[in-house]
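Here is a short tour of one protein chain, written for a reader who likes to check things by eye. Please keep the viewer open as you go.

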Amino acid sequence: MLLEHLKSEIYQDLQAAAIQAREEGKLAFEELPLFTLEKPREKVHGDLAANIALVLARPAKTAPRKIAQIILEYFPTGSNRVARHEIAGPGFINLFLDPSWVYAVLPEVEEMDDRYGCSSIENSEKVQVEFVSANPTGLLHMGNARGAALGDTLANVLAAAGHEVTREFYVNDAGSQIETFGRSLEARYLQLLGQDVPFPEDGYPGEDLIDSMRGLISKAGDKYLQVAPRLRREILVKYALQEKLEQMKRDLADFRVHYDIWFSEQTLHDSGAIEAVLKELQQKGYLYEKDGAIWFRSTLFGDDKDEVLVRSSGVPTYFAADIAYHKNKFQREFNRVINIWGADHHGHIPRMKGAVDALGYDSDRLQVIIMQLVRLFRGGEPVRMSKRSGEYVTLRELIDEVGTDAARYFFVNRSADSHLDFDLDLAREQTSDNPVYYVQYAHARICSILRQAGDLTPAQEIDCSVLQDPAEVSLLEGIAELPGEIKYAAASLEPHRLTHYVYNLANLFHGFYTTCHVLNAEPGLREARLALINACRITLRNTLKIIGVSAPERM
RNA sequence: GUCCCAGUAGCUCAGUUGGAUAGAGCAACGGACUUCUAAUCCGUAGGCCGGGGGUUCGAAUCCCUCCUGGGACGCCA
C-alpha cells in the first residue's frame, strides 16, 4: 500500500515535471504517453526506474538522455522519499528511495492483518466470474479442476483488489445432453434389473451412472419398471442430477471452491427467457430462417460463420440458452462478466461476443479466459484419458491422491494459456522438489519461532530501522510488494503471478532465516526481527489464502 | 484448408501494453548444520529465446514467412 502510494505519487510528479517542461518550452510533445515506473531487475539501478524519457524520445524528437535531464530539472527532489536520482543507460531515470520507507510497512501489515494486500480502489466494479460449469452428467475431470483452481483464485484476487465479486456455476440441466443422460440412466437401470437392453451408442459410459442407478434401486427397488419410459427417464434424471450436483458441490467444497450462485439453465427455458431473447434478436434483424432452422448472423460481428439458434426440430440450441444466460448476467448489472473456458471452446468466443453486442451491451464487458488443456503424467508417462470412454482422472481422485493444497498450487502456478503437464508423482511428493511445501514450510518455521518468542511488541513501538542486514531489507521489500502484486494480477487476470510472488517471498524468508537469528538477537534487534517475521507470516498466509492453499503452523 | 494456443537452460516453466547484462525450480557438480524446523541456505555450470526476414535508438516481446506440437472448425455442449 505504502509502496503503491509512493509509486503513484512519484509517477504523477514525473508526469507533472514533463508537462511543466513543455509549458516552459523545453520539451515539445502532444500527449504524454504512458510510461512504466518499476522496480528494476538490477539493484544498482535503484529502487524504481522510469522509462518516461525513452517513450518521449519520438514524440519530442529529442535524445532520451537529454529529455531525462530536462524532466529532472522540474522533478522535486527531497520529496516523496526520493533520496537521489540518476540518468542511466539509454535514458532511464533511476530513483533511489530514502531507505527508511520500507520500515513503515511493518506497522501497516500488523494493523491490516487479514486485510493486508487488499485494496479499496476508486473504480471498484461489480464482477462476475463464471467457471467450471461442467455438465452434471458426469464427474469433474482435470480440466474442470484447473478451471476451478484458476477461477476461484482469480475471484479471490479480484475481490482483494477491491472489486465486488460473484462466483457462479452455470448448471447445464437442460438440452440434449440431459436427454442423452436420461437414456443412459434408463439403460443402466434396466440392465441392473436384469434386462438385456443395449446401451445407447451416444450414451455416457461412466461407471458413475451405474453407481447412481444402483443407489436408486437400493432405495426404491424396481418400482419404475412399470412406469412409462418417458416419465421414467424424467424421474431417473431428476434423481441422478440432484445426486450429481450434490457430489460436485461436495468435491468442489473439498477443493475449497464455494459458489455464490448455481444458475440453472432449465430456468431460462421455463421462464421464457430464451424465447424472449430470440424475439429481441428477431426484432433487431439479426435472425433469419434457412433449412427450417433459425440462424443468428454472427458473421455481422466478425464470426466466420452464422450459427443455429433454433433447430429445424424447434428445439433451441445450447447457444440460444447461453445468449439468454448472458443477457441475464448483464441485467444483473455486472460491470464485467468473466468466463473461464477450456481451449476447446475458443471458437465460441466471437459468436458469444457478437450476441452480446447484438443485445446492445458492450462486448468488452465480457472477458473470456481460455485455458489450455491438462496432460497428466504418472511415472513419467502420460495418463491416457478419454471422456468418451469414461476413463479419466476425476477431481475427487486428484484430491485424494495429491491433496487440495498441492493441486491448487500446481494449477495456479501456470499461466492459463500454457498447456499444463501435471506431474502427479511430483505433486504428491513431500520434498523440496515440491514448491508448495517450500512455501508452507516458511510459514511453519515462522510460527515455530513465534511460539517460542512469547508476547510480541507492537511494531508501532519498535525502532525498525535496526533492520539493516541485506536479507532483512530484501524481506521487507518483498513484504511491501504484495498489494501491488495483487493489483497487477487482478488487472491482467493472471493469478499465476501470486504463486510466483509467494514462492519468492518464501525464498527471501529462508535466506533471512539462515543469515539472521531472531530469538537470541540482542534486545531491540530481537523485537524488530520478531515484528519482521510476524509481518512475513501475515503476508505468506494472506497470499496462500488467495491461492486457496492452507498455511500450516507446524509441519 | 482456416482460426486459436504454445515453442526460452538437459526437464518443467516465468519473463511479451518494446527497455539496461534473458530468470526460477528440478536435474548435475561443489560447499554450509554446537544455536529459532536442513522440507533450508550459499556457490559453480548450463542459452543462435524454433528458423529466416523486417520495423527502430533498442526485439524473447511488434509485423511477415516458414517449421514443429496441441486444440477448434456440428441443426454437440
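Rings of Phe, Tyr and Trp (its six-membered ring) are taken to pair if their centres lie within 6.5 Å; planes under 30 degrees apart count as stacked, over 60 as edge-to-face and the rest as tilted. With that rule, a search of the whole structure gives 20 aromatic pairs. Two stacked ones are set out below.

| Aromatic pair | Centre to centre | Angle between planes |
|---|---|---|
| Tyr 288 and Trp 295 | 6.4 Å | 10° |
| Phe 330 and Tyr 361 | 4.9 Å | 15° |

Helices (H or I, at least four residues) and strands (E, at least two) are DSSP runs, numbered from the N terminus. Both Phe 330 and Tyr 361 are buried, a word that stands for under 20% relative accessible area, with exposed over 50% and partly exposed in between (1.4 Å probe, protein chains only). Trp 295 is buried too, at a relative accessible area of 17%. Elsewhere, ring pairs join Phe 131, Phe 169, Tyr 259 and Trp 262 into a cluster.

A word on the basis of all this. This is a predicted model, in which local features need pLDDT of at least 70 and side-chain atom pairs count only at pLDDT 80 or more, while totals for chains, interfaces and linings use all residues. Residues are numbered from 1 along each chain as its sequence is written, chains are lettered from A and ligands numbered from 1 in the order in which they are written, and side-chain values use heavy atoms, leaving out hydrogens and water.

Now to the sheet. Five strands form an open sheet in the order β7-β6-β5-β11-β12, with parallel pairing; two strands pair if DSSP finds at least two bridges between them. β7 (261–264) and β12 (366–371) stand at the edges with a single partner strand each, so one side of each has no neighbour in the sheet. Inside the sheet, five bridges join β5 (residues 126–130) to the parallel β6 (residues 164–171), and Val 127 has Val 165 of β6 as its bridge partner.

Finally, look for charges over rings, meaning NZ of Lys or CZ of Arg within 6 Å of the ring centre and within 35 degrees of the ring normal. Lys 126 lies over the face of Phe 334, 5.0 Å from the ring centre, and Arg 408 lies over the face of Phe 255, at 5.8 Å from the ring centre.
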